[in-house]
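Me: I would like to go through this structure with you, one region at a time. Could you take my questions as they come?

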Amino acid sequence: MDLLQFGPNGIECPLAGVHIDPWGKVDRALLTHAHADHARFGHKHYIAHAHNRAVLQQRLGKNISLQDIEYEDTIEINGIRFSWHPAGHIPGSAQIRVSGKNQTWVVSGDYKTEYDDLSMAFEPIRCSHFITECTFGLPIYRWKPQAVMAQAIAEWHIHQVNQGYSTLLYAYSLGKAQRLIQLLKEVGPIYIHPSIAEMNRALNSVGFQLPELPLISEWRPKVDSPALFMAPPGASSDKLLRRLLPCKEASVSGWTLVRGLRRRQKLDHGFALSDHADWPGLLSAIEGTGAEHIYCTHGFTAEFSRYLSDQGFNSTEIHTRFFGDVAPQPPSTAETDESIH
Amino acid sequence: MKAFTELYHRLNQTNSLLEKQFALEVFFRDAPDGDAVWGLALLSGRTSVRLVGGRTLRAWVAECTDLPDWLVEESYQHVGDLAETLSLLLEPYRNASSESSATIQDLSTMMQDLLRLKKRDESERKEYILQHWRQLDGPSCFLFNKLITGGFRLGVGQSMTTRALSNCMNRPVSEVAQALMGSWDPTEYSLESLLNRGAIHAHTLPYPFYLASPLLPSPIVPIERPIEPHIERPIEPHIERPIVPHIERNIEDASQSTAIAALGNRTDWLAEWKWDGIRVQIIRRKGVSSVWSRGEERIDEAFPEIADLAQTLPPGTVIDGELLCGQFPEVRSFHDLQKRLGRTKPSARMVTQYPVFVYAFDLLEQEGEDIRQKALSERRMLLETLIETLNHPLLQASPLIQGTDWRDLNQKRQEARHQGSEGLMLKRAGSCYESGRKRGHWWKWKMDPMQLDAVLLYARPGHGRRSSLFTDYSMAIWDHSRTRLLPIAQVYSGLTDAEIREVDAWIKGHTTDRFGPVRTVTPELVFEIGFEGIQKSGRHKSGLALRFPRILRWRRDKLAPEADDLGMAEKLLLAPTKPTTLMD
């Protein structure tokens, strides 16, 4: 019997009676991270890495039953051992290792292989069965090092300021925003959207040290000099942002690597900086686990799984509710952004 | 190459017309002279070298990157642009060798290399291409791929290029426009000599065409309807609708009446039929005649009878008009005219089977004098006199439509199809002949399109801005027995961005089959498709082909069984197109 199975509520371990990132309501939910499509409302009990506490309480309610766990710590249920390991996706994100009955499984959650100076760095965990995301599972997706992207953003921002424009970066409020704040600390001043400020406070309460930054509402048009604004993609039609105009807008997302997707956003620019693994990242992660059985969830599942099969892996495409069907929803400033997953 | 790559990417990064023009000016000023001329040729679509087919290029990239062919194909489907896909996939291949990267040529050398290689065998082409794939950086590689696939296109209009050149070369716009007309070989010119060419070849060159603007942004504004659930709704019996349902509706339409009101007095305007042929200038100067299409191509050879007609014009004459298939006063479809297009030296049989004539509507030059600044009403009188004197069967004056007021004209517009025309042209009687698309004096007021309700059957992803979104749809109607759906048209959306996303998500959830990029979906969604013409054709299973089909709106209120059928479509086919007396 497979230790982990794909049931109607998501990934489950029947022997232990727990689910991992389930979408149906369950008794015990083990979470990889706090993004909304992985950490859903309504479970009876949650177990997640301690860094997620403040964010989860804020999103799912103060009174949820939530158990903290540290990286490398193990809990045992019905003889099955569960442990959390850094996934490098966002602060507090984890891969969950499940072992017992002579099997070792790893659920990757979302991950990236490049260290972002903020989230604990991804580390490959040896296992026989690896459930991997493949949001960017096509060989066209290859990221440049984040230092290169940070410099590109900084140069673009400075260029705009010299022309008299402020800039507005769209970045998801949990993860991408904090990463950018760290990367762009020499550039500034940075004004942030309240939802980003809220996430900063939540992360600082569990031990992160993000700087105190002014809110975009504090910036006075025609009085203050051009600045860098940061807001989540869903906020692009906020009144709050409209008063910042005219400014130059850019999205910070892996999808902007493709010109067509970038142009569709009708923004001035796009920077391909992602919190997901790129093609070489996915392949090296799989290599690192030594697993023979690979399960591909959310993203280019069909394509990626077929490629792995070609390479001799025992690979299966899994449909989950982490990301809909096959091709990614195109990025839209008003809708889905890859970084919430 | 560097200056041109920079230009390409700057043009791509901005939506501002001013910034685009500025980028062009920088390019023309700073690029080496040869590159500027080649850049100009590429910008205006004059040069295109398709060195290798897309399939072969994808195979080579698969080989260079050690990726399976199907994955290269999937990547292409996702990106939606071949040159870009290749350049993204080649990222790890770049600098893979130790060859010097200092050999990046200038654009003119590269273009001449490409032209030369076109005549060489494939192994030589491959060697050249692979070498460049290794050496060029990302942006240049992308551009290089655009050049070798012949898919080079930039969203820059001729008039913007012309303005930019005129600004940085300090020459009048009209002179630059004339110099760029027609075909010229970039190997033979410097920027300076190209601009001087205007004077040397002036006597064979047409004037820049004055183009009319659409009176209304789109003929039919999508109507928002409440979303009704698709389930548990009884299927109503199919109700036949009248063939032309909008005669009275549109004059009431707010945007339409506003547009008409803005025109002012009916008496200030001349109205003509809008012909669906090719716009031509017929020129006779210094004993030489030439016939030019709006695409700035000489078409004397394709239409020898029009070339003969040109010979009979008095010296120093330029006529503007529309070339149509048919024997006056009969006007045949554009489809028929197409049989003659692209055919140099047509056979005698073609000429008899597909006769052509010209409906002239303007006179630009008379007795060697440029009369474009005279009022249209005056030019029109001179034109009519000229046509009368010539009395040539292939040269007819495009009739003026009388019609006492706008309402009356609107009625006439709806009858346009019966004349073999697409609608009306409204031209201010006092207007001079401008160059390019200038709003204000010449308007095209198209007839409302014919329409059918059709069912979405297949979908495939679009390209460019729409890559990875399902936006290209095959639409079908029912057969006579209303049991089978028959494809009738391919449409490239026409929906709003929000609708596109919604339909895209729907398609992904309702796929029943996949053939490569093409998805078969459950036949449920009904769209109202509009088109300008319909005729028999073997291209689609329905045996019919539509002209300019597009989606007018999403019929959320209709179920697939309520879509139109072949009988309905055939009625449109039979709608009278017989010529009536054209002169009022």
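Reply: What follows is a discussion of a predicted model, moving from chain A to chain B and then to some backbone details.

Me: How many helices and strands does chain A have?

Reply: Chain A has eight helices and 18 strands.

Me: And what is the radius of gyration of chain A, against that of a compact globule?

Reply: Chain A has a radius of gyration of 20 Å, and this agrees with the value near 20 Å for a compact globule of 341 residues. Along the principal axes, its C-alpha atoms fill a box of roughly 65 × 45 × 30 Å.

Me: What percentage of chain A counts as buried?

Reply: Of its 341 residues, 54% count as buried. As for contacts in chain A with a separation of 6 or more, 58% are between residues 24 or more positions apart.

Me: Why is strand β11 of chain A described as largely enclosed?

Reply: Six of the six residues of β11(A), residues 129-134, are buried, so the strand is largely enclosed by the rest of the structure. A:H129, A:I131 and A:E133 point one way, while A:F130, A:T132 and A:C134 point the other way, and all are buried.

Me: Which strands does β11(A) pair with?

Reply: Strand β10(A), residues 103-107, pairs with β11(A) in the parallel sense over three bridges, and A:V106 stands opposite A:F130. Strand β17(A), residues 293-299, also runs parallel to β11(A) and is joined to it by six bridges. There, A:H129 stands opposite A:H293.

Me: Turning to chain B, what is the strand order in the open sheet of four strands?

Reply: The order is β2-β12-β10-β3, with mixed pairing. The edge strands are β2 (213-214) and β3 (269-275), each of which pairs on one side only. Two bridges join β2(B) to β12(B), residues 442-446, and these two strands run parallel. B:P214 stands opposite B:K444 in that pairing.

Me: Which helix packs on that sheet?

Reply: Helix α19(B), residues 406-414, packs on the sheet and touches β3, β10 (421-428) and β12 of chain B. The direction of α19(B) makes about 150 degrees with that of β10(B).

Me: What about α4 and α5 of chain B; at what angle do they pack?

Reply: Helices α4(B), residues 54-65, and α5(B), residues 69-79, pack at about 120 degrees, with axes 9 Å apart. That angle makes α4(B) oblique to α5(B). Their crossing is right-handed. The contact is made by B:R58, B:A59, B:V61 and B:A62 on α4(B), and by B:D69, B:V72, B:E73 and B:Y76 on α5(B).

Me: Now the backbone. Where is the cis peptide bond in chain A?

Reply: The bond from A:L245 to A:P246 is cis, with omega near -5 degrees. A:P246 lies in the loop between α5 (239-242) and β15 (247-252) of chain A. In chain B, the bond from B:F328 to B:P329 is cis, with omega near 5 degrees, and B:P329 is in the loop between β6 (317-325) and α16 (334-340). Most peptide bonds are trans.

Me: What is the phi of B:K286, and where is that residue found?

Reply: B:K286 has a positive phi of about 45 degrees although it is not a glycine, and it is found in the loop between β4 (278-285) and β5 (288-293) of chain B.

Me: Is B:K286 buried or exposed?

Reply: B:K286 counts as exposed, because it has 11 C-beta neighbours inside 10 Å.

Me: And B:R482, what is its phi?

Reply: Phi of B:R482 is near 55 degrees, a positive value in a residue other than glycine. B:R482 is in the loop between β14 (470-478) and β15 (485-492) of chain B, and with 15 other C-beta atoms within 10 Å it is partly exposed.

Notes: Residues are numbered from 1 along each chain as its sequence is written. Chains are lettered from A and ligands numbered from 1 in the order in which they are written. This is a predicted model: local features need pLDDT of at least 70, side-chain atom pairs count only at pLDDT 80 or more; totals for chains, interfaces and linings use all residues. Two strands pair if DSSP finds at least two bridges between them. Two residues are in contact if their C-beta atoms, placed from the backbone, lie within 7 Å. Axes are lines fitted to C-alpha atoms, for helices over the stretch in contact, and angles run from 0 to 180 degrees between N-to-C directions. A residue is buried if 20 or more other C-beta atoms lie within 10 Å of its own, exposed if 12 or fewer, and partly exposed in between; C-beta atoms are placed from the backbone. The radius of gyration is taken over C-alpha atoms; the globule rule is 2.2 Å times the number of residues to the power 0.38. Angles under 35 degrees count as roughly parallel, over 145 as roughly antiparallel, 65 to 115 as roughly perpendicular and the rest as oblique. A crossing is left-handed if the near helix is turned anticlockwise from the far one by less than a right angle, and right-handed if clockwise.
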